[in-house]
Amino acid sequence: MKEMQFSAVVMMVMMCSALIVLMPGEVKRDKVINRSRWLMVGALGLIGAQFLVQYVTQLRTMGITQAVLVNLAFFVPASSLMNLTILNLQRQGRLSRFERWVWAGVTLVVFACLAIAVATDGHPIAQLSERVLLTEICMSVLYAVIQIYYCVLQFRELQRMQAVIENYYDRERQGLTQWMKHAIGVNGLLAVFVPLLIFGPNIIIVIFSLCFFWGIFMMWFCFVRYFTSNAMWRVREAEESEREEAGDRSRQTGDERREAGDGGLSPVMMQNVSQAVERWLASGGHLKAGTTSPMAAEAMKIPRYQLTAWVKASGHQSFTKWIIAQRIEEAKRVLTEHSDWTNEAVADHCGFNRTHFQKIFKQATGMAPSEYVGGK
């Protein structure tokens with residue numbers, strides 16, 4: 001147990017040091033990223049402090065209840081700061097006052113309740129009563145509630161981000177938000193298991209701690225990769241374009257809004273957009289890899305919000321799925337007419353990523369490209 005606690009302290013110090021010292025200059029200059037970086041430093045620092053206190057005092061040797069006091073005192077603010085790290089990135093720094101400070105209020109409640117329970121217990125620290133245990137159980141429930149609250153917010157934001165990305169890029173970009181899925185999953189598991197396992201015997205705590213360390217390390221690693229790769233900038237590019245589209249939509253005239261209805265297009269607009277789309281498809285614009293929805297709308301000479309509305313009205317969930325469907329149809333045609341073409345040649349011609357062409361084609365048709373040719 002002592003070795004594990006000491007290792008945890010060293011691990012947290014190393015991860016905090018990397019976030020403070022080794023981050024690129026452009027990361028440190030970005031207001032949103034910099035705030036998230038320091039929120040994570042605070043969270044990791046509190047986790048490290050918790051294990052340091054446990055290592056120095058060895059409260060587990062006195063009893064489970066004594067150790068739980070420290071666990072809750074540090075885990076509540078640490079987990080909340082970790083949640084704010086994710087939410088701050090998802091919202092691009094646009095957090096409500098309640099979302100920013102609810103963690104501080106919950107932390108104060110936990111501290112106050114634990115302190116009052118211990119102060120009025122009438123027993124020495126080595127012999128705490130059931131009153132303190134009951135208080136710890138109640139605070140563990142509160143910990144789970146605040147964790148679930150943040151997880152729900154993060155999950156909703158993740159869904160919003162994925163919808164924005166799918167309405168912008170011409171192929172699936174799930175990797176851009178993969179680390180957030182991992183982070184939300186880790187926080188969800190902490191919400192479920194921490195309130196239960198911190199009351200368990202040492203062997204269970206050791207096993208859980210190893211899983212906990214792995215989860216925290218992966219969250220930190222993916223967080224750093226997100227900062228230092230182009231993933232964050234690609235997400236931001238899509239979100240900025242989405243805000244511009246919303247601004248264009250808001251500038252519609254009153255007559256246009258009445259004709260179009262809620263988020264849709266009037267019959268005249270639908271016809272005009274359909275004609276623009278058909279001309280663009282006939283010119284092969286959809287076969288150019290790296291085409292974004294703003295690029296497509298500009299080539300069609302229509303506002304992006306009209307293209308987005310037309311895609312949804314046509315029964316497609318997003319720009320990504322629509323353009324992939326068009327490319328799949330072109331791939332079918334090419335495979336039928338040019339059976340001698342390699343998969344790489346077909347992928348290049350149709351604007352597909354070579355690595356994912358076979359996977360995407362099989363998902364759409366139920367057959368690999370070679371099977372499709374043979375079947376024909």
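Trp179 is buried, and Tyr226 is likewise buried; buried stands for under 20% relative accessible area, exposed for over 50%, and partly exposed for the range in between (1.4 Å probe, protein chains only). The model is predicted: local features need pLDDT of at least 70, side-chain atom pairs count only at pLDDT 80 or more, and totals for chains, interfaces and linings use all residues. Residues are numbered from 1 along each chain as its sequence is written, and side-chain values use heavy atoms, with hydrogens and water left out.

**Aromatic rings**

A pair of aromatic rings is described by the distance of the centres and the angle of the planes. Rings of Phe, Tyr and Trp (its six-membered ring) pair if their centres lie within 6.5 Å; planes under 30 degrees apart count as stacked, over 60 as edge-to-face and the rest as tilted. The count by this rule is 16 aromatic pairs. Two of the tilted pairs are tabulated here.

| Pair | Centre to centre | Angle between planes |
|---|---|---|
| Phe6 and Tyr55 | 5.8 Å | 45° |
| Trp179 and Tyr226 | 5.4 Å | 45° |

Both pairs join distant parts of the chain: Phe6 in helix H1 (residues 2–21) lies 49 residues from Tyr55 in helix H3 (residues 31–57), while Trp179 in helix H7 and Tyr226 in helix H8 are 47 residues apart. Helices here are DSSP runs (H or I, at least four residues), numbered from the N terminus. Phe6 is partly exposed at 46% relative accessible area, and Tyr55 is partly exposed at 29%.

One aromatic cluster is formed by Trp214, Phe217, Trp220 and Phe221.

Gln90 belongs to helix H4 and, at 0% relative accessibility, counts as buried. Beyond its neighbours within four places in sequence, Gln90 has contacts (heavy atoms within 4.5 Å) that include Gln154, Arg160, Met180 and Glu239.

The structure contains three cavities of 30 Å³ or more. A cavity is a set of points on a 1 Å grid over the protein atoms alone where a 1.4 Å probe fits but cannot get out, and lining residues have an atom within 4 Å of a point. The second largest cavity holds about 60 Å³, a volume being the space filled by probe spheres set on the points. Among its lining residues are Phe75, Met82, Asn187 and Phe212. Helix H4 (64–90), helix H7 (178–197) and helix H8 (202–228) each supply at least two lining residues, and H4 gives the most, with four.

Notes. 1 Å grid on protein atoms, 1.4 Å probe; cavity = no way out; pocket = protein on both sides within 12 Å on 5 of 7 lines; lining within 4 Å.
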